[in-house]
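Here is a short walk through the charged pairs and one further side chain of a protein chain. Keep the structure open as you read.

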Amino acid sequence: MKFTVSTADGHARAGLIETNKGLINTPVFMPVGTVGTVKAMSPEELKEIGAEIILSNTYHLYLRPGHEIIKSLGGLHRFMNWDRPILTDSGGFQVYSLSALRKIEEDGVHFKSHLDGSMHFLGPEEAMLIQSSLGSDIAMVIDDCAPYPSSYAYAMTSMYRTIKWAARCRELKREGQALFGIVQGSLYEDLRKKNMEELVGIGFDGYAVGGLSVGEPKEDMHRMIRFTAPLLPENKPRYLMGIGELGDVLKAVEAGFDMFDCVMPTRNARNGTLFTSRGKLSIKREEFKADSGPLDPECDCYTCKNYSRGYLRHLFLSKEILSMRLNTIHNLHFYLNFFRNMRKSIEEGMFGDFKKRWEQIIP
Ligand SMILES: [Zn+2]
């Protein structure tokens, strides 16, 4: 994997990640394909709207159908028929957020499956083995995500554990698979800094900031975004994990982050909330009943080119499968287009204007 920054506008960067499976223009939004599918979308449709990389979840694929099954069926790319880059998370965050029970030890974490209550263990060895079986292009180290709020003592213990696990993952790094480190440390600047310095000492292909958007106030999230980004190496991709509200994305890109993932565009689409050039819209509203116009007059996606708001409202209220499909196509197209335009604004030295304009639409 190779990363180059082509243009900088303030701290905002336009860059390029080169992988064996294709190019990734940054800043990039990675649609989330939790269980090996970006919900409601075929791989062809994802390519059609310009997705360059997707994210998939180790925790989910490990529990079902199991990484060995996926490996025996040719790896995740073959399994889901997606030939562009895939980033897999390590499973650490899902163990933290989904598992009914978890017990952290020095070598990893015991957890109870949210599917059938069975007990499992995930540590650096397991996380690297699973991601190697999946054959993702970018793997993530397993980290210990401290909950919000966390005491300084707890956050420090979890931060040192994260460093220890990251070092072990680095030893197990597989040829041909990039590996990113993850910075934890809750809302404590000195812990974040210490974690980052240790990770850089170990040496990774990219650096992620995790443990944000876990319930902390927005001001604290923004403070940590501004604090962490400039500390991360300039010549490596910087990934802000799990944050995808566009207002937050703008602040993060301004600070110097390059990579993002979030279930928001896909999940909201299925719930009938759609992003448009004029802000969010709920398609179920009465006012759209006889509306012949497109979702977003400025959008050129398949949904907007072919269907009216009146029809989309009808599909949604009738709980038709097509509703989820058309809404997802639009929302992901909107997101990817937003990122493309943001990148262009950086290249043109106009990111400040871009940010200001969108902050009036999406406060
Ligand atoms: Zn559209």
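Start with exposure: buried means under 20% relative accessible area, exposed means over 50%, and partly exposed lies in between (1.4 Å probe, protein chains only). This is a predicted model, in which local features need pLDDT of at least 70 and side-chain atom pairs count only at pLDDT 80 or more, while totals for chains, interfaces and linings use all residues. Residues are numbered from 1 along each chain as its sequence is written, and side-chain values use heavy atoms, with hydrogens and water left out.

Now the charges. Side chains of opposite charge can pair when their charged atoms come close. A salt bridge here is a side-chain nitrogen of Lys or Arg within 4 Å of a carboxyl oxygen of Asp or Glu. How many does a search of the whole structure find? The count is 26 salt bridges.

Take Glu359 and Lys251. They form a salt bridge, with 3.8 Å between the closest N and O atoms. Glu359 sits in helix α15 (residues 351-361) and Lys251 in helix α10 (residues 246-255), so the pair links distant parts of the chain, 108 residues apart. Helices (H or I, at least four residues) and strands (E, at least two) are DSSP runs, numbered from the N terminus. Glu359 is partly exposed, at 27% relative accessible area. Lys251 is also partly exposed, at 28%.

Another network is built from shared partners. Salt bridges join Glu106, Asp144, Arg161 and Lys164 into one network.

Next, Glu189 and Arg223. Their closest N and O atoms are 3.0 Å apart in a salt bridge. Glu189 lies in helix α8 and Arg223 in helix α9 (residues 218-228), so the bridge ties together parts 34 residues apart in sequence. Glu189 is partly exposed, with a relative accessible area of 28%. Arg223 is partly exposed at 27%.

Lys173 pairs with Asp205, and the closest N and O atoms are 3.0 Å apart. Both residues lie in loops: Lys173 between α7 (152-171) and β11 (178-183), Asp205 between α8 (189-202) and β12 (206-209). They are 32 residues apart. Lys173 is partly exposed, at 29%.

Finally, Phe257. Is this residue buried or exposed? Phe257 counts as buried, at 0% relative accessibility. It lies in the loop between α10 and β14 (259-261). Contact means heavy atoms within 4.5 Å. Leaving aside residues up to four places away in sequence, Phe257 touches Val209, Ile225, Thr228, Ala229, Leu232, Arg238, Tyr239, Leu240 and Ala252.
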